[in-house]
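Visitor: I am new to reading protein models. Could you show me one and take my questions in turn?

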Amino acid sequence: MNRGYVSTAMLVMAITGACLIQSNASGEVTRKPDALAKGKRLFTRHCAGCHGSEGKGDGYKVLGPDPANLTAPATRKKSDSALLATIHEGKPNMPSWKGLLSDRDIQNVLAYIRTLPH
Ligand code: HEC
């Protein structure tokens, strides 16, 4: 094994490692118990008024799009990153949360949404 091979292998490992960390930060949400407990508190405080305490979208009805049923198959099959983007940016009738909740809190609240019974 020559030096060139060793340093190429180390470079590949470093890049792979960086990508793994990156995808954990922005893609998959953590489902640790303390994250879920925090997510539940945030959901009850900020989201349940519209989405309902069980996320069924029955919190309020006004003109315009109704709050999404977060436990419906249509939402469940969306990727974490797609839903994180929606929570960040908001929707018609839904505020943008990016200035109000930290990225970590948004991930915690999504982790909790993923555990709601459907
Ligand atoms: C003022 C009411 C309101 C509040 C508060 C609210 N939402 Fe929403 N949300 C909506 C509406 C309305 C939609 C659907 C918009 C549409 O269909 O265009 C929606 C859509 C969503 C979606 C997209 C679902 C999908 O299938 O794409 C997610 C995820 C979501 N909300 C999460 C949250 C979270 C998390 C919170 C709390 C941090 C929250 N919402 C707070 C009204 C609200």
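Visitor: Which residues of α2 are buried?

Guide: This is a predicted model, where local features need pLDDT of at least 70, side-chain atom pairs count only at pLDDT 80 or more, and totals for chains, interfaces and linings use all residues. Residues are numbered from 1 along each chain as its sequence is written, and side-chain values use heavy atoms, with hydrogens and water left out. Buried means under 20% relative accessible area, exposed over 50%, and partly exposed in between (1.4 Å probe, protein chains only). In α2 the buried residues are Ala35, Gly39, Leu42, Phe43, Cys47, Ala48 and His51.

Visitor: What do the buried residues of α2 pack against?

Guide: Look for contacts, meaning heavy atoms within 4.5 Å. The partner covers residues 103–115. The buried residues of α2 pack against α5.

Visitor: How many Å does helix α2 span between its end C-alpha atoms?

Guide: Helices (H or I, at least four residues) and strands (E, at least two) are DSSP runs, numbered from the N terminus. The expected span of a helix is 1.5 Å times one less than its number of residues. For the 19 residues of α2 (33–51), a straight helix would span 27 Å. Helix α2 spans only 22 Å.

Visitor: Where does α2 bend?

Guide: A bend at a residue is the angle between axes fitted to the seven residues ending there and the seven starting there. In α2 that angle is about 50°. The bend is at Thr44.

Visitor: What span does α5 reach from its first C-alpha to its last?

Guide: α5 has 13 residues. At 1.5 Å a residue, 18 Å is expected, and the value for α5 is close to that. α5 reaches 19 Å.

Visitor: Which residue forms a salt bridge with Lys38?

Guide: A salt bridge is a side-chain nitrogen of Lys or Arg within 4 Å of a carboxyl oxygen of Asp or Glu. Here the closest N and O atoms are 2.7 Å apart. The pair links helix α2 to helix α5, 67 residues apart. The partner of Lys38 is Asp105.

Visitor: Is Asp105 buried or exposed?

Guide: Lys38 has 33% relative accessibility, so Lys38 counts as partly exposed. Asp105 has a relative accessible area of 13%. Asp105 is therefore buried.

Visitor: Which residue meets Arg114 in a salt bridge?

Guide: The N to O distance is 2.8 Å in the salt bridge of Arg114 and Asp80. Arg114 lies in helix α5 and Asp80 in helix α4 (residues 80–89), so the pair ties together parts 34 residues apart in sequence. Arg114 is partly exposed at 24% relative accessibility.

Visitor: How many salt bridges does a search of the whole structure find?

Guide: Two have come up already, Lys38 with Asp105 and Arg114 with Asp80. Glu89 also forms a salt bridge with Lys98, with the closest N and O atoms 2.8 Å apart. The search of the whole structure finds three.

Visitor: Which residues come nearest to the ligand?

Guide: There are 23 residues around the ligand, where near means a heavy atom within 4 Å. A polar side-chain atom of His51 lies 2.7 Å from a nitrogen atom of the ligand. For Thr75, a polar side-chain atom lies 2.6 Å from an oxygen atom of the ligand. The nearest are Cys47, Cys50, His51, Thr75 and Met94.

Notes: Polar contact = N/O pair within 3.5 Å; in protein donor to acceptor, adjacent residues only side chain to side chain.
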